[in-house]
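The structure is shown first, and the description follows.

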Amino acid sequence: MTALVELFENPGYEAQFRIAPDAGPGPQAFHRRLPGYCPSPLYDVAALATAGGVGRVLVKDESDRFGLPAFKMLGASWASYQALVARLEADPASFFATWTTLDELAALVEPLRPLDLATATDGNHGRAVARFARWLGFGARIFVPAGTTAARIEAIEGEGASCTVVDGTYDDAVATAAKEAAQDCIVVSDTSWPGYDTVPRDIIEGYTTIFAELDAQLAAAGLPAPDVVLVPIGVGALAAAVARFYRGDVEGRARPVLVGIEPTTAACMQASARAGRLVEVPGPHRSIMAGLNCGEASPVAWPIVQPSYEWFAAVDDDVARDGMRVLAASGIVGGESGACTAGLLTTWALDLPTDAVVLVLSTEGATDPGFYAATVGAQPREIASRAPACAAGGDRTVCSVPGCPSPCRPSSETAS
């Protein structure tokens with residue numbers, strides 16, 4: 001079956017759009033204090049460049065973050081931490097100076113107990129919120145849409161969280177989770193609604209650690225900045241983080257073409273770009289790209305994403321499957337929601353220069369190991385054992401990126 005791609009050139013793109021840079025050191029200093037922090041690897045994948053007909057393809061592999069198989073912990077942990085500091089009514093800079101280890105942080109937030117963190121999820125974000133809650137001794141209430149696979153539910157419950165299946169879409173799960181907000185519960189949502197936008201903004205900011213790492217890795221490897229960046233889009237938080245970086249008002253920073261990718265059945269950002277305003281794509285949303293099955297884009301992300309992205313691509317599930325297989329052939333474990341970026345290269349319809357440098361964000365690993373193995377014909381651990389060397393130097397055993405405090409070997413959990 002031929003994979004289907006619907007490319008849409010965004011009429012709302014503004015070539016001169018600029019975003020003021022964030023003040024302060026940003027979240028990477030916070031992430032460095034969490035157990036198991038290590039920059040995710042950056043791969044220079046010649047086979048993908050050949051398949052895409054371009055000069056170079058760089059893959060930022062987010063299949064292992066803090067022992068979880070996706071990038072979501074970066075946003076979930078930072079936003080949860082910021083919410084806890086606000087609940088304590090503490091000055092953020094002064095509070096950050098009072099702890100250096102997770103145990104010290106847990107002791108400082110002791111006055112907030114009993115406390116739960118709550119969110120809606122298609123899998124990865126909720127598990128990350130549950131992991132951070134467990135680290136600090138809090139409870140977690142996670143809500144998932146109907147049709148969420150047993151493997152993802154079991155992974156969430158394995159973090160000690162409750163996991164409630166909502167009879168409806170992801171957007172219905174968001175509405176249900178929002179009702180949990182109370183003195184004893186903080187909602188940590190990656191999408192926004194009227195009166196609720198601080199936490200989603202912090203989640204976007206948390207994802208910027210990816211690009212702080214990327215800058216260091218490109219410099220260490222002597223690699224050029226990308227000409228094109230391929231980004232999977234759900235509610236738009238990661239897409240907004242990409243835009244904040246590459247459209248930031250920073251002298252000398254590259255301004256690559258940004259391409260957002262969504263499932264055809266849940267292409268809410270493309271639909272909004274067509275309409276020139278936020279619109280809802282009604283469910284059910286049944287794509288295998290579970291993390292992208294969102295019918296409504298985040299109102300916080302939209303005004304950042306709309307003027308920043310030149311193209312939106314709506315892709316069917318075969319594009320994601322193709323991406324999973326092409327990444328696996330290069331030793332990279334890419335799950336359905338993250339591999340759609342690599343899959344787009346095999347069905348590319350834009351006229352890219354043959355010397356173009358393309359950055360592929362592969363945002364998750366095998367979040368459903370059984371489905372992954374059935375799709376690529378091998379177990380995740382087998383694929384991970386063939387991982388290439390990080391372009392920034394060293395290999396998966398030793399990372400040479402300055403400031404990396406621990407080995408970059410995939411954890412047994414994410415490569416299972």
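Which residue in S3 does Asp-44 stand opposite? Asp-44 stands opposite Leu-58 in S3.

## Basis of the description

The model is predicted, so local features need pLDDT of at least 70 and side-chain atom pairs count only at pLDDT 80 or more, while totals for chains, interfaces and linings use all residues. Residues are numbered from 1 along each chain as its sequence is written, and side-chain values use heavy atoms, with hydrogens and water left out.

Helices (H or I, at least four residues) and strands (E, at least two) are DSSP runs, numbered from the N terminus. Two strands pair if DSSP finds at least two bridges between them.

## The seven-stranded sheet

Seven strands form an open sheet with mixed pairing, in the order S1-S10-S9-S8-S11-S3-S2. Strand S1 (5–9) and S2 are the edge strands; each has a single partner strand, so one side of each lacks a neighbour in the sheet. The twist from one strand to the next averages 20°. Angles here run from 0 to 180 degrees between N-to-C directions, and axes are lines fitted to C-alpha atoms, for helices over the stretch in contact.

Helix H15 (residues 336–346) packs on this sheet, touching S1, S3, S8, S9, S10 and S11, and its direction makes about 155° with that of S11. Contact means heavy atoms within 4.5 Å.

## Strand S3 and its partners

Strand S3 (residues 56–61) is largely enclosed by the rest of the structure, because five of its six residues are buried; buried means under 20% relative accessible area, exposed over 50% and partly exposed in between (1.4 Å probe, protein chains only). Strand S2 (residues 42–44) pairs with S3 in the antiparallel sense over three bridges. The pairing of S3 with strand S11 (residues 357–362) is parallel and has six bridges. In that pairing, Leu-58 stands opposite Leu-359.

## Strand S9 and its partners

Six of the seven residues of strand S9 (residues 257–263) are buried, and the strand is mostly covered. Strand S8 (residues 228–232) runs parallel to S9 and is joined to it by five bridges. Leu-230 has Val-259 of S9 as its bridge partner, and Pro-232 has Ile-261. S9 is also joined by five bridges to strand S10 (residues 311–315), again in parallel; there the bridge partner of Pro-263 is Val-315.

S8, helix H11 (residues 237–246) and S9 make a right-handed β-α-β unit. Right-handed means that, with the strands pointing away from the viewer, the path from the first strand over the helix to the second runs clockwise.

## The four-stranded sheet

Four strands in the order S6-S5-S4-S7 form an open sheet with parallel pairing. Strand S6 (162–166) and strand S7 (185–187) stand at the edges, each with a single partner strand, so one side of each is left without a neighbour in the sheet. Neighbouring strands are turned by 20° against each other on average, direction ignored.

Strand S4 (residues 116–120) and strand S5 (residues 139–145) are paired in parallel over five bridges, and Asp-116 has Gly-139 of S5 as its bridge partner. Helix H7 (residues 150–157) lies across S5 and S6, running at about 145° to S6.

## Helices H14 and H16

The axes of helix H14 (residues 317–329) and helix H16 (residues 369–376) come within 9 Å and cross at roughly 80°. The contact is made by Arg-321, Met-324, Arg-325 and Ala-328 of H14 and by Phe-371, Tyr-372, Thr-375 and Val-376 of H16.
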